[in-house]
Amino acid sequence: MADDRNRRRFTDPRSAAEAAFKAATTAKPAAPPPPASPRPAVPGAREMVTLRLDSAVLAHFQKDGPGWQDRVNEALKALVPASND
């Protein structure tokens with residue numbers, strides 16, 4: 001029994017670290033969280049997005065001042081077929 005205890009103890013730090021690393025990498029990872037339920041569609045709801053526009057397009061919508069994001073939204077909505085609402 002004394003031999004079992006001595007065999008499991010590491011006398012040098014490198015062996016201890018390698019054993020700890022092996023134990024950590026062979027452990028089964030935790031199960032991923034369940035996927036989030038889709039949010040219900042709210043009529044007229046907006047989402048924050050990042051959109052890359054040509055500088056000329058951006059200048060066109062910004063030239064009339066505040067509200068340019070609403071104007072971009074209206075221009076894009078005009079291009080979307082009515083059946084997708």
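Student: Which residues form a nonpolar patch on the surface, and with what accessible area together?
Tutor: Val49, Leu51, Leu53, Val57, Leu76 and Leu79 form it, with about 570 Å² of accessible area together. Patches take residues with over 30% relative accessible area and no salt bridge, joining like charges within 9 Å and nonpolar side chains (Val, Leu, Ile, Met, Phe, Trp, Tyr) within 5 Å. Accessible areas are Shrake-Rupley values with a 1.4 Å probe, and for residues only the protein chains shown count as cover. The model is predicted: local features need pLDDT of at least 70, side-chain atom pairs count only at pLDDT 80 or more, and totals for chains, interfaces and linings use all residues. Residues are numbered from 1 along each chain as its sequence is written, and side-chain values use heavy atoms, with hydrogens and water left out.

Student: Where does leucine 79 lie?
Tutor: Leucine 79 is in helix H4, residues 68–79. Helices (H or I, at least four residues) and strands (E, at least two) are DSSP runs numbered from the N terminus.

Student: Is leucine 79 buried or exposed?
Tutor: Leucine 79 counts as exposed because its relative accessibility is 69%. The cut-offs are under 20% relative accessible area for buried and over 50% for exposed, with partly exposed in between (1.4 Å probe, protein chains only).

Student: How many helices and strands are there in the protein?
Tutor: Four helices and zero strands, so the pattern along the sequence reads α-α-α-α.

Student: What share of the residues is buried?
Tutor: Buried residues make up 2% of the 85. The accessible surface of the protein is about 8,500 Å², and carbon and sulfur atoms hold 58% of that.

Student: Which residues of its lining lie nearest the centre?
Tutor: Arg46, Glu47, Val49, Gln69 and Asn73, out of 16 lining residues. The lining divides into eight nonpolar, four polar and four charged residues. Here Ala, Val, Leu, Ile, Met, Phe, Trp, Tyr, Cys and Pro count as nonpolar, Asp, Glu, Lys and Arg as charged, and the others, Gly among them, as polar.

Student: How many salt bridges are there?
Tutor: Three, taking a side-chain nitrogen of Lys or Arg within 4 Å of a carboxyl oxygen of Asp or Glu.

Student: What does aspartate 70 form a salt bridge with?
Tutor: Arginine 46, with the closest N and O atoms 2.8 Å apart. Aspartate 70 lies in helix H4 and arginine 46 in the loop between H2 and helix H3 (55–62), so the pair ties together parts 24 residues apart in sequence. Aspartate 70 is partly exposed at 37%, while arginine 46 is exposed at 57%.

Student: And which salt bridge does arginine 14 form?
Tutor: Arginine 14 pairs with glutamate 18, the closest N and O atoms being 3.2 Å apart. Both lie in helix H2 (residues 13–26), four residues apart, about one turn of the helix.

How values were computed: On a 1 Å grid over the protein atoms alone, a cavity is a set of points where a 1.4 Å probe fits but cannot get out, and a pocket is an open set with protein on both sides within 12 Å along at least five of seven lines; lining residues have an atom within 4 Å of a point.
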